[in-house]
Amino acid sequence: MAALTHSSHWGAFTVRVDGGDVAEVEPLHDPDPSPLLRNLPGSVRHESRILRPVARRGWLENGPGPARRGDDSFVELSWDEALDRTAAEYRRVVAEHGNQAIFGGSYGWASAGLFHQSQRQLHRFLNLIGGFTSSRNSYSIGASLVLLPHVVGNPGSVFRKATAWAMLARHTELLVAFGGVPIKNTFVAPGGMARHSIRRHLTEARRRGMEIALFSPLRDDAIAESEARWYPLVPLSDVAVMLALANVLVREGLHDPEFLARCCHGADRFIAYVLGEEDGLEKTPEWAEERSGIPAQDLRVLARRMAAKRTLVTVSYSLQRAEHGEQPVWAAIALAALLGQIGLPGGGFGHGYGSMGDLGSSSASFPLPLVPEGRNPLRSFIPVARIADLLLHPGETFAYDGESYEYPDIRLVHWAGGNPFHHHQDLNRLRRALARPDTIVVQDPYWTPMARHADIVFPATTSFERNDIGSGRADARIVAMHRIVPPVGEARSDHDILAGLAERLGVHAEFTDGMDERTWLGRLWAQLARTMREAGLEAPAFEEFWANGSLEVADVEGERVLFDSFRADPEAHRLRTPSGKIEIWSDTVAAFGYDDCPGHPAWLESEEWLGAPRAKRWPLALVANNPATRLHGQLDAGPYSQAAKVRGREPVRIHPSDAAERGITDGDVVRIYNERGSCLAGAVVTEDVRPRVVQLSTGAWFDPDDPSADVAMCLHGNPNVLTRDVATSRLSQGCSGQHALVEVERFVGEVPPVRAFTPPVIRPRGD
Ligand SMILES: Nc1nc2c(c(=O)[nH]1)N[C@H]1C(S)=C(S)[C@@H](COP(=O)(O)OP(=O)(O)OC[C@H]3O[C@@H](n4cnc5c(=O)[nH]c(N)nc54)[C@H](O)[C@@H]3O)O[C@H]1N2
Ligand SMILES: Nc1nc2c(c(=O)[nH]1)N[C@H]1C(S)=C(S)[C@@H](COP(=O)(O)OP(=O)(O)OC[C@H]3O[C@@H](n4cnc5c(=O)[nH]c(N)nc54)[C@H](O)[C@@H]3O)O[C@H]1N2
Ligand SMILES: [Mo]
């Protein structure tokens, strides 16, 4: 038999197994494989695996109810007892409080695979028992998903129909990249990403002469081969820069009134604002220099070059993961509209070229078959990043996209395939919130901090312990994800865990549809093969696909240009906005009356900005970006992630001048802190970050020095102890976790060990 194929969100590969674990992985026909593959060896039998179902001691002894969580020991249960007790708690909560008291939003990336999708499996189960309080949108693009419908209609067009990388490589002369094009992020795409070609496109573009203007606090947000010009701006000042560029275009008559009149709505309002006619403050390059630190003259020169060249303005997702995160996205669209190149090959705007690997992909895309979730009869929901508000403020109202809603009273929280201690902000506040519900159920393969805060923990298999079909939204290859080892300990798949609960709650037949894993895969394959054939592609029978290990998908959409047909004939291809055009002014958004998101893109100061009053007390701007050495918190214990740590801590990059001022040298353990919390990290002193910026990526597993303290210090370097749990705005209520103002000091005294990967105390039943 050929080597066993498998897949992940960061690539397809074959596996060599030894001792019941992944010993080696070999990329599968990938020109530029992801270094994240190096985290996989040893991951199956790592000591941080959850081996058996357990319950928290206090929950078993005292029954369900609010309790401090995260500092208790656990008791092993048989599968039957764990499932019986969980089903009984479901029955109690539904009878006493109704289904709305169940929070099943369960955000998170889990693993690749069409069948074993934790979230879908959980939602299917919860819908069958009468529904649940759900969550909307994502931590990735929470602001954009709500804003874009008002500005360009369907947000899917901006992401799924983004101008192809091949067109950038061929036509773009100047790429103005806010947040850069960090190659590290482009290895990842939800569901899979088998052919990594962005480095090649960037290199080819450079060879042809494309220039990159890199606006970022970090130099390495563009690869060295791009020879980008670095504009090391102050974090959270991008909108000031964009407005100043717009100002120069208008003042010097370099904008395109014909395009604005034909394809846009309300550009005059925005222009009046940029010229200072609305608020008496002209958004000149000098005004922007004060906010961004970028010399006014550089901005003037750049604006003129943008008008003279085929220019694409791109904004990374990170810019909208911030307070007022709607504004940079909207302002970039307005800036591109002024240039008049939207819809031209290699011109216009983009959102996320350095954020997600599949953006601008040219692989044929066809709808992927999904496990049906069924229908949730309840309407109760939260914007996903409002989880702590939900638990802390039942009965209170919140604004969202022009409407007002109420937080329900949550009694039971069920999480599968996500880690709020990775994704959420202000972790000390999150811990207070997690003390509120009666019961928390978690399914995960690993003893993550979220599992430690649960009352019932079910051990889930990793993808290596089950069979599946792997494919992303516009993937180059569909992969047979072979089971390579038997389940570790007593682990079960999410599907099997939930089938066990479904059985006890009388919905087993509906949940499984009478099928096992093999039958489900056959059904999903049949659907996939049908849609592929409809798209003109060939698809073999399941058995043949499974034996071959993978199926290549042709490259067909390399000519795609965002909004080309709209540009050619805006009447025939009206956007789904009230005006049918690109809305640089939105009557709808203006009518909502939100001062944190007015009717046109605007400069709104953030509390975490270096120009804010708080910066006097907390003088450094922390960039808490996505990690280069792993996907979020996943496989943080893996060899590639561990190799980058400094004395076991997450590396924090700091400029030499800021380090010297604080007596910090390379390799020191430092303490990063603000009024919300603190963490340890390992200093890396480098000129690749701009002065007054420190960068600490997300993903180090939260490791509280004292798990029973109200405000704990993280010994490992999780930046979310420092970030503020505040929404982007009332419009979108998105995640704003990318930034926080902090202070850093050298840590003196004995450095405590990192215990994040050591399981909690677990006792056998009866002890
Ligand atoms: N400060 C700050 N915070 C951020 C961000 C930021 O930029 N700054 N970025 C945000 C973004 S964009 C995102 S998307 C989120 C990501 O946040 P998450 O998606 O929650 O992070 P992951 O670590 O991927 O969590 C996935 C979990 O699923 C588990 N898992 C894997 N496979 C399976 C399975 O088959 N079954 C089950 N039951 N579990 C499984 C993993 O062990 C892991 O614990 O973080 C957000 N948080
Ligand atoms: N290796 C790896 N790849 C990933 C992920 C991962 O965890 N690991 N996560 C995936 C996911 S779920 C998502 S949503 C995407 C995230 O995609 P993004 O959100 O775009 O990624 P980040 O790395 O958080 O941020 C990108 C860069 O923005 C810059 N930046 C931060 N603040 C500012 C600012 O105020 N102004 C400017 N101009 N630049 C700023 C930072 O220097 C940072 O390196 O990445 C995906 N890819
Ligand atoms: Mo994300």
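Start by selecting S363, which sits in the loop that runs between β13 (348-351) and β14 (381-383). You are looking at a predicted model, so keep that in mind as you click along.

**Stop 1: S363.** Is this residue buried or exposed? S363 has a relative accessible area of 3%, which is under the 20% cut-off, so S363 counts as buried. To see what surrounds it, leave out residues up to four places away in sequence and show its contacts: R195, A474, D475, A476, A554, D555, V556 and E557.

**Stop 2: the open sheet.** Next, select β13 again and bring in its partners. Five strands make up an open sheet, ordered β10-β9-β8-β12-β13, with parallel pairing. At the edges you will find β10 (229-231) and β13, each of which pairs on one side only. Ignoring direction, neighbouring strands in this sheet are turned against each other by 20 degrees on average.

Now zoom in on β8 (residues 174-178) and β12 (residues 311-315), a parallel pair with 5 bridges. Which residue of β12 stands opposite L174? Pick T311 and you have it.

**Stop 3: α10.** How many of its 8 residues are buried? The count is 6, leaving the helix mostly covered. Colour A267, F270, I271, A272, Y273 and V274 to see the buried ones. Their cover includes α13 (326-339), along with α8 (238-251), α9 (257-263) and β11 (264-265). Before moving on, step just past the end of α10 to G276, where phi is positive at about 90 degrees.

**Stop 4: ligand 2.** Finally, select ligand 2 and show its surroundings, which amount to 33 residues. The closest are K184, D221, D238, S355 and P627.

- K184, at 2.6 Å from an oxygen atom of ligand 2
- S355, at 2.7 Å from an oxygen atom of ligand 2
- R321, at 2.8 Å from an oxygen atom of ligand 2

Key
Residues numbered from 1 in each chain as written. Chains lettered and ligands numbered in written order. Predicted model: local features only at pLDDT ≥ 70, side-chain atom pairs only at ≥ 80, totals over all residues. Heavy atoms only, no water. Helix = DSSP H or I, 4+ residues; strand = E, 2+ residues; numbered from the N terminus. Buried < 20%, exposed > 50% of the residue type's maximum accessible area, 1.4 Å probe, protein only. Contact = heavy atoms within 4.5 Å. Pairing = 2+ DSSP bridges. Axes fitted to C-alpha atoms, helices over the stretch in contact; angles between N-to-C directions. Near = heavy atom within 4 Å. Polar contact = N/O pair within 3.5 Å; in protein donor to acceptor, adjacent residues only side chain to side chain.
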